[in-house]
Amino acid sequence: MRLNKFLSNSGVASRRKCDEIILEGKVEVNGKKVDSLGTQINEKKDKVTVEGRVIKLPSSFVYIKLNKPKGYACTANDEKGRKTIYQLIDTEERLFSIGRLDYDTEGLILLTNDGNFANQVAHPRYEMEKEYKVTAEGEIKESEMAVMRKGVVVDGERMPPARVEWLSFENGFTKLSVVINEGQNRQVRRMFEAIGHQIKLLKRVRIGGVKLGGLKRGEYRDLTEAELNLLVRAK
């Protein structure tokens, strides 16, 4: 098995992040530092460590959906000392999130220790839809929504198009549904900044066919078999 796949399947991080960890020289195989991405290992016999911590394949897989509250980081150890989503989950398994939500965004996030599953769900080629409910300052016009549907231009580059649906306007705020199928950094916030509107509340309510449902802020539960099938069939 390739070393990066082993690390990812063991819940260390995403495949791409595991490549970075290897290149940074943080991985040892049988006591020897390894920094080649093409390294092959025997997952049943070789001893693999990351910064001294022994890494093993999980004996069972966990798939969780969480309603992330605003004010939580999606990292295991936040360099700024902020609260993290892992403080909300009671498990001994080493989990990582499939994609992220920024600190001020709330809503649906998936966590697992199954690296292969995570890579499949997160890979751009599958164009997994993500739906957000947005509350933005001011009254957003049809012409501005048309710009977002086409793809706003930020720093000279056109962002991917989005499906935008107007929901309501009340007390100076517009509520909309926004669906994207790419996960560029802060994509939804940047879209609204580009048309001159600040977001007051941003909440992800759906990933593929899996919806946030009735989970309260900070609550989580295991994905059902039906929900897992929705994610697999989306590919």
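Predicted model: local features only at pLDDT ≥ 70, side-chain atom pairs only at ≥ 80, totals over all residues.
I began with the open sheet, in which four strands are ordered β2-β1-β3-β4 with antiparallel pairing; strands here are DSSP E runs of at least two residues and helices are H or I runs of at least four, numbered from the N terminus, and two strands pair if DSSP finds at least two bridges between them. I noted that β2 (32-34) and β4 (53-55) are the edge strands, each having a single partner strand, so one side of each has no neighbour in the sheet. From one strand to the next I find an average twist of 40°, with axes taken as lines fitted to C-alpha atoms and angles running from 0 to 180 degrees between N-to-C directions.

Residues are numbered from 1 along each chain as its sequence is written, and side-chain values use heavy atoms, with hydrogens and water left out.

I then looked up the pairing of β1 (residues 27-29) with β3 (residues 48-50), which is antiparallel and made by three bridges; E28 has T49 as its bridge partner in β3.

For the chain as a whole I list six helices and 15 strands, and a C-alpha trace that spans about 60 × 40 × 40 Å along its principal axes. Of the 235 residues, 46% count as buried, that is, under 20% relative accessible area with a 1.4 Å probe and protein chains only, against over 50% for exposed and in between for partly exposed. Among contacts with a separation of 6 or more, 62% come from residues 24 or more positions apart, a contact being heavy atoms within 4.5 Å.

Turning to helix α5 (residues 187-194), I find Q187, V188, R189, M191 and F192 buried, and the buried residues of α5 pack against β8 (130-137), α4 (142-150), β12 (173-180) and β13 (199-207). After α5 comes G196, and I note that its phi is positive, near 85°.

Last, I checked E92, which is found in the loop between β5 (63-68) and β6 (96-98). E92 counts as exposed because its relative accessibility is 84%.
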